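Hello,

Here is the structure I promised to pass on. Have a look at it first, and then read on for what turned up.

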Amino acid sequence: HLAYLHEPAAKAPNIARETVEKVFRERKIEAKTNHRLEGLIEKRIVVDYFAAPVRPLAVQVLGRRGVITSYMEQWGFRWRDLHDAHPKLLRVMLYDPAVQDVDSTATAIGQSVCDYFGPYHETNRLHDIIDRASKR
C-alpha cells in the first residue's frame, strides 16, 4: 500500500531539530518541547520549543516536506495571534532547504511574522535571537 507517500511530516533524523537543541545546550538554556501557548483567538498553539531566559522565545521547526506555502499561511495566522497575546514573545521559524521548498510567498509570510525565519544552519541568527531573549 502506498499510503506513506501522503505523509506530510519529515522523518527522523531531523538535523534541524538536532541543531536547535544543540544551540540551546551550548547556551545552557532549558527549552520546553511541544509547549502549548494561548493566543487571543486560537487557545491551543503548540510550538516545538519554548524558553524564557528573560523574554519568551518560541521556535518552530518546519516538519512538512515539499511546498509549504499553505502551511506558512496557517503559521502566519498563529504567529500573529501569539504576538497579539504575548507582545514580547520572540518568534523563530526554521526550515531545512533540503526538505522544504520555500518559495518567495512562504518566505515573505515567514519574514513578516517571525523575528527570524530562515534555514536552520544559520545558527548565528538563532544565537542573535537568544541574545535578544536574554536581555532585560
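A residue is called buried when its relative accessible area is under 20%. Tyr49 has a relative accessible area of 3%, so Tyr49 is buried. Please keep in mind that this is a predicted model.

Tyr49 also has an aromatic partner, Phe24: the two rings are tilted, 6.1 Å centre to centre, with 45° between the planes. Phe24 is buried as well, with a relative accessible area of 3%. This pair links distant parts of the chain, since Phe24 belongs to helix H1 (residues 15-26) and Tyr49 to strand E2, 25 residues apart. Another tilted pair joins Tyr95 and Phe117, at 5.3 Å centre to centre and 40° between the planes. Tyr95 is in strand E5 and Phe117 in strand E7 (residues 116-119), so this pair ties together parts 22 residues apart in sequence. Tyr95 and Phe117 are both buried.

Now to the cores. The largest nonpolar core holds 20 residues, and Val47, Leu62, Met72, Trp79 and Met93 have the most contacts inside it. Strand E2 (45-51), H2, strand E5 (90-95) and helix H3 (104-113) each give two or more residues to this core. H2 provides the largest share, 5 residues. Apart from this core lies another, of 19 residues, including Val20, Leu57, Tyr120 and Ile129.

Helix H2 (residues 69-85) also contains Glu73, which is partly exposed, with a relative accessible area of 48%. One last thing to look for: the charged end of Arg78 sits over the ring of Trp75, 4.9 Å from its centre.

Enjoy exploring!

Key: Residues are numbered from 1 along each chain as its sequence is written. This is a predicted model: local features need pLDDT of at least 70, side-chain atom pairs count only at pLDDT 80 or more; totals for chains, interfaces and linings use all residues. Side-chain values use heavy atoms; hydrogens and water are left out. Helices (H or I, at least four residues) and strands (E, at least two) are DSSP runs, numbered from the N terminus. Buried means under 20% relative accessible area, exposed over 50%, partly exposed in between (1.4 Å probe, protein chains only). A nonpolar core is a set of buried Ala, Val, Leu, Ile, Met, Phe, Trp, Tyr and Cys residues joined through side-chain atoms within 4.5 Å. Rings of Phe, Tyr and Trp (its six-membered ring) pair if their centres lie within 6.5 Å; planes under 30 degrees apart count as stacked, over 60 as edge-to-face and the rest as tilted. A charge sits over a ring if NZ of Lys or CZ of Arg is within 6 Å of the ring centre and within 35 degrees of the ring normal.
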